Amino acid sequence: MSEIYEGGCVCGAIRYRVTGNPMRASVCHCTFCQRRTGSAFAILAVFKEGQLELTGDTLTEFEHRSDESNLWLRLEFCNRCGTTVAVRLERFPGARGIFVGTFDDPNRIKIERHIWTRSAQRWVVFPENMERFEKGVPQPATPG
């Protein structure tokens, strides 16, 4: 039986259900995520687009381009309470990221790696035996 994860925004206008496990789950320490969340990092679980079912209000979108890669990411948030629920990433076509803090039980998501650690707050302690990358996860080499 497939895993089912549910969650939504702070005010309840947006709800979602995700069936199956994420393709990846990461803690991002980049300066954009720090500013966007008003915190030290963001936690993101990436699923295939077909795994996600949204209900309620329509999400509002904001596009940002990375200073370093120039790739876009489209943040999706509740236009009523402002909770950033999801993100589409140019780097992962056909996938959608869900911000782990919006899950009803965020502890069910197994974090696999920390990325953009070069920007991490100096007080952050990284777990041993977990992947860490100074920047994002390296893209696989493309044949060519």
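Guide: A nonpolar core is a set of buried Ala, Val, Leu, Ile, Met, Phe, Trp, Tyr and Cys residues joined through side-chain atoms within 4.5 Å. Buried means under 20% relative accessible area, with a 1.4 Å probe and protein chains only. This is a predicted model: local features need pLDDT of at least 70, side-chain atom pairs count only at pLDDT 80 or more, and totals for chains, interfaces and linings use all residues. Residues are numbered from 1 along each chain as its sequence is written, and side-chain values use heavy atoms, with hydrogens and water left out.

Now the core itself. The largest one has 18 residues. Val18, Phe47, Ile98, Phe103 and Ile109 have the most contacts inside it. At least two of its residues come from each of β2 (14-19), β4 and β8. β2 gives the largest share, 3 residues. Strands here are DSSP runs of E, at least two residues; helices are runs of H or I, at least four; both are numbered from the N terminus.

Take Ile109. Beyond residues up to four places away in sequence, Ile109 touches Tyr5, Pro22, Ala25, Ala45, Phe47, Val100 and Phe103. Contact means heavy atoms within 4.5 Å. Another core lies apart from the largest one. This other core has 16 residues, including Cys28, Val87, Phe99 and Val137.

Some of these names return at the pockets. A pocket is an open set of points on a 1 Å grid where a 1.4 Å probe fits, with protein on both sides within 12 Å along at least five of seven lines; lining residues have an atom within 4 Å of a point. The largest pocket holds about 860 Å³. Cys28 is among the closest to its centre, of 34 lining residues. α1 (31-37) gives that lining the most, 5 residues. The second largest pocket has about 230 Å³. Phe99 and Val100 are among its lining residues. α1 and β4 each supply at least two residues there.

Now step back to the whole chain. Of its 144 residues, 40% count as buried. Among contacts with a separation of 6 or more, 52% join residues 24 or more positions apart. The C-alpha atoms fill a box of roughly 40 × 35 × 35 Å along the principal axes.

Key
Grid points are joined across faces, edges and corners, and a volume is the space filled by probe spheres set on the points. Buried means under 20% relative accessible area, exposed over 50%, partly exposed in between (1.4 Å probe, protein chains only).
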